[in-house]
Amino acid sequence: MLTSGTVHVSSVIKYIKDWFFNSNWYEKYDFMEYISFLDYTDVNTNFTESCNSTLERESAGYRIVEHKIIQITSEEEILAIEDAINSSISMKSVETHLRTALEYLSSRENPDYRNSIKESISAVESFCKILTGDSTATLGKALNKIEKSHKIHGALRSAFTALYGYTSDSGGIRHSLLEDNIEVSMEDAKFMLVSCSAFINYLKAKE
């Protein structure tokens with residue numbers, strides 16, 4: 001029997017297998033999240049990639065994204081989120097907003113879709129302020145500057161403004177959507193996180 005110190009490896013494996021096959025479905029995902037994070041920080045065995053490959057093969061509706069289980073299956077959407085987070089490490093405010101949005105969205109015990117949307121939008125605002133060098137700029141003002149400095153077509157800028165610009169007015173997402181009794185779904189929060197991540201990636205590519 002293989003041992004590591006005083007720990008019987010085979011006994012540990014048996015214990016984990018017994019627990020895994022008798023646990024609730026969400027506990028299995030909690031376990032996968034923990035192992036994914038542990039593998040990233042200490043072991044480096046490509047656990048996440050192997051899990052996602054298996055989840056895809058089994059047609060599961062979940063994937064591991066940045067060590068969080070999220071109800072998303074599109075490879076393009078996963079890459080958009082991961083690229084935005086990983087490319088924003090030098091911009092702490094942007095990275096923090098994106099990771100917090102992902103955290104709110106991925107929570108299985110207490111998902112907070114309203115605050116996930118708010119954090120996704122805040123990530124875009126923070127990025128635009130950094131890009132323009134104007135920490136006081138509104139998103140609309142920042143987009144006007146970015147349109148000229150990064151040669152973004154006016155129609156595209158208008159589309160971004162239509163999608164994000166309403167957040168600052170009295171009927172915007174930070175007011176009625178986040179504070180009133182308007183139902184916000186997982187699909188709403190996922191759409192905003194993916195869209196905001198893609199927008200950040202697009203602007204970074206234009207630099």
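At 39% relative accessibility, Asp 18 counts as partly exposed in this predicted model. The side chain of Asp 18 forms a salt bridge with that of Lys 14, with an N to O distance of 2.8 Å. Lys 14 is exposed, its relative accessible area being 52%. Because Asp 18 and Lys 14 lie four residues apart in helix 1, about one helical turn separates them.

Helix 1 spans residues 9-22 and also contains Trp 19. Trp 19 is partly exposed, with a relative accessibility of 32%. Together with Val 12, Tyr 15 and Ile 16, Trp 19 makes up a nonpolar surface patch of about 380 Å².

Side chains of opposite charge can pair when their charged atoms come close. The structure holds 10 salt bridges, among them the pair of Asp 18 and Lys 14 described above. Another of these links Glu 58 to Arg 57, where the closest N and O atoms are 3.7 Å apart. Glu 58 and Arg 57 are both exposed.

A further salt bridge joins the side chains of Lys 141 and Asp 134 at 3.4 Å, N to O. The two partners fall into separate accessibility classes: Lys 141 is partly exposed at 41% relative accessibility, whereas Asp 134 is buried at 12%. Salt bridges with shared partners also connect Glu 66, Lys 92, Glu 95 and Arg 99 into one network.

Cysteine pairing was examined next. A disulfide is a covalent bond between the sulfur atoms of two cysteines. Across the whole structure, zero disulfides were found. For Cys 128, the closest cysteine sulfur is that of Cys 196, and the distance of 9.7 Å is too far for a bond. The cut-off for a disulfide is a pair of cysteine sulfur atoms within 2.5 Å. Cys 196 is likewise in no disulfide, as its nearest cysteine sulfur, in Cys 128, lies 9.7 Å away. Both cysteines are buried: Cys 128 has a relative accessibility of 1%, and Cys 196 has a relative accessibility of 0%.

Methods
Residues numbered from 1 in each chain as written. Predicted model: local features only at pLDDT ≥ 70, side-chain atom pairs only at ≥ 80, totals over all residues. Heavy atoms only, no water. Patch = residues over 30% accessible without salt bridge, like charges linked within 9 Å, V, L, I, M, F, W, Y side chains within 5 Å. Areas by Shrake-Rupley, 256 points an atom, 1.4 Å probe, with all protein chains shown as cover. Salt bridge = Lys/Arg side-chain N within 4 Å of Asp/Glu carboxyl O. Helix = DSSP H or I, 4+ residues; strand = E, 2+ residues; numbered from the N terminus. Buried < 20%, exposed > 50% of the residue type's maximum accessible area, 1.4 Å probe, protein only.
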